[in-house]
Amino acid sequence: MILFKILAFISLFTVSTVWGKTPEINALLAQAENVRQENPKKFNETINLLESKALSFSHEQRMNYYVLKAYKLTIMGNYAEAEQLLDTVSKNSSNNELILRATYGLISVYLAKKDWTNGFLFVEKTLQQIKQVNNNPHTIYGLLTVIVFYNQIQQFELSLSYIKTLNTEQLTLKNKCFVEQLRLEASQNKNFSSVIQIFQMEETIKTCEQANWPVAAAVVRAYLAKNHLENGSPQKAILSLTPFIGDVLATKFSLAIIDFYNTLAKAYYQLGKADKSSHYADLAVENITHNNTKQTVDAYHQKYQLEYDAKNFEKALDYYIKYAEADKAYLNDITARNVAFQLAQHQAIQQKNQIELLNNQNELLNNRNELLRVEQSLARTEAENTKLIASLLMAIIALLAFFGYRSWRTQRRLKTLAEFDYLTKVYNRGHFMTLAEETLKLATKAKQTVTCIIFDLDKFKMINDRYGHSAGDLALKAAASAAHSCVRDNDIFARLGGEEFVILLPGCDTSAACYVAEKCMRAFEAIDTSDSGHEFSVTASFGITTSKISGMAIDDLIADADKALYQAKNNGRNQYRIYEP
Ligand SMILES: Nc1nc2c(ncn2[C@@H]2O[C@H](COP(=O)(O)OP(=O)(O)OP(=O)(O)O)[C@@H](O)[C@H]2O)c(=O)[nH]1
């Protein structure tokens, strides 16, 4: 597809620009310009004639000749020499129009060579050079080349933004056909309504036909047919291509030919006509010239599909391998384009930064005197500023420390709220469950026995009713604190809710748990409630179980200890009971 675009575009060169005092050379240069499109044979003869007069060229005549010769070389596929000539013009000509022609000519050369990195360089130069050349057809050709380039590297948004800057009304029919075809290519992955797209494609085909440009018309016809296929109308796709197979073959443009055959093969495949599909798929494969194109990938894939359906598995595998290789080559090509784009963007940023740096340096040099003056005044106020900065720093440090402390305090508060009971300051039920699960896991691994004690204050409702709720709170806090002092550091003590508490004792058997319960009972006896304004005794009943009986699940341990606690309550309170199943 690239070659088509380059040829299409290069054939648009029309303007002749002649210089110097040698009328015969000027006339030959003008003649070469004029016949280039219509009469390649005469063009070649004129170029040869000009070559024989090279010694009499003025500097700019030589530059003009180089541009024309590079055109010829590009068409012949001699990119290296074309590149050299155009490079010379871009560096040595003093005529802006010739420089522009050389820079966009170079984009075409790099497109053909798939040298994306250098292509970008000259896209940038062409865009700069366009600004130097006003109201000249070459500004349009320059832009068209840039658009072709962006389409090739799949930067379609950029293409569309440059297409927008072109005034299509002022374009020749051929250029209009070209621009519309580029626009369609760039909009292919946009979700435009298919009705609008089909209308635009049909209009573009008409324009290209009026411009007597069958290659472009063929390319757009292939778009149109693909659109029909995507919309589930294979019949329409076939109708839109079949009458024009002869035309597309006459263009000898292999990618457009493969596109035609591929689309027909797919359309017949969709209609279930394997024979016809296979016929066109074979024709597509026969026309393959390059491995890394989308057309090649599609052609092999279609063949693979057909052979597979026909149960010719050996052939199917053959085509699948070809398809996979082509797909890999195509993806590598796309990746190379993307990498070049990223690289170009990166270089552009770097260049911009360097320019900014240089500008800053210039500004600094220009303002040297001003700087000296400022330095003197700076020296005077230096001491003052140092003081100011020091106090500012102190203030900032103090502020940071303050906010740091506040955030640490908030976090600590949140953690406390999440883990501790607000009244008794021992662990709450939620945190207990988390810690208990971890402890039981470790104990299971270590094959340790774990015991569980649950205790509940006796007749607590009566304490509340008789002495008031705050006296009840005081009793709760005192009981929690007393029990806390009776357990070891690695025991887990928590308030389960209301006046009920739990102690989980890893590595303890029942007798150790009984000892802890008794210790708690004695500690409760010593509780002094006089601070509440009332004197009353605080007792509790205890239920005990061990993992040897209840197992290692915390819910079972609590449930069984609770049953034992119930027995202690029933038995008269202020005592402990061991769970028996
Ligand atoms: N002051 C106070 N009372 C609470 C708190 N949480 C629960 N209670 C009270 O504790 C009392 C528990 O009463 P009950 O479940 O009938 O048990 P009890 O009176 O201790 O009787 P037994 O358990 O059978 O000995 C209820 O009146 C609850 O309102 C608290 O945080 N502070």
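**Entry 1: His138**

I began with His138, which is buried at a relative accessible area of 0%. I take buried as under 20% relative accessible area, exposed as over 50%, and partly exposed as in between, with a 1.4 Å probe and protein chains only. This is a predicted model, where local features need pLDDT of at least 70, side-chain atom pairs count only at pLDDT 80 or more, and totals for chains, interfaces and linings use all residues. Residues are numbered from 1 along each chain as its sequence is written, and side-chain values use heavy atoms, with hydrogens and water left out.

I then looked up where His138 sits. It belongs to helix H8, residues 137–152. Helices here are DSSP runs of H or I with at least four residues, strands are runs of E with at least two, and both are numbered from the N terminus. I also checked His138 against Tyr104. They are 34 residues apart in sequence, and their C-alpha atoms are 9.2 Å apart in space.

**Entry 2: helix H3**

Next I took H3, residues 40–52. Its 13 residues, at 1.5 Å a residue, should span 18 Å. The expected span is 1.5 Å times one less than the number of residues. I found the end C-alpha atoms 19 Å apart, which agrees.

Which residues of H3 are buried? They are Phe43, Thr46, Ile47 and Leu50. Seen down the axis of H3, the buried residues fall within an arc of 100°, so they line one face of the helix. The arc is that of the directions from the helix axis to the C-beta atoms. The face turned away from the buried side carries Lys41 and Ser52, both exposed.

**Entry 3: cysteines**

I searched the whole structure for disulfides and noted one. A disulfide means a pair of cysteine sulfur atoms within 2.5 Å. Cys177 and Cys208 form it, with sulfur atoms 2.1 Å apart. Their link is right-handed, with 100° about the S-S bond. Cys177 lies in helix H10 (residues 173–187) and Cys208 in helix H11 (residues 194–210), so the pair ties together parts 31 residues apart in sequence.

Are these cysteines buried or exposed? Cys177 is buried at 0% relative accessible area. Cys208 is buried too, at 0%. I also looked up Cys452, buried at 0%, and Cys514, buried at 9%.

**Entry 4: residues 388–405**

Last, I read the record. UniProt, in an unreviewed entry, lists residues 388–405 as "transmembrane region". Its positions are given in the numbering used here, feature names are shortened, and annotations may be inferred rather than shown by experiment. In the model, this stretch is 100% helix and 0% strand. Its end C-alpha atoms are 25 Å apart.
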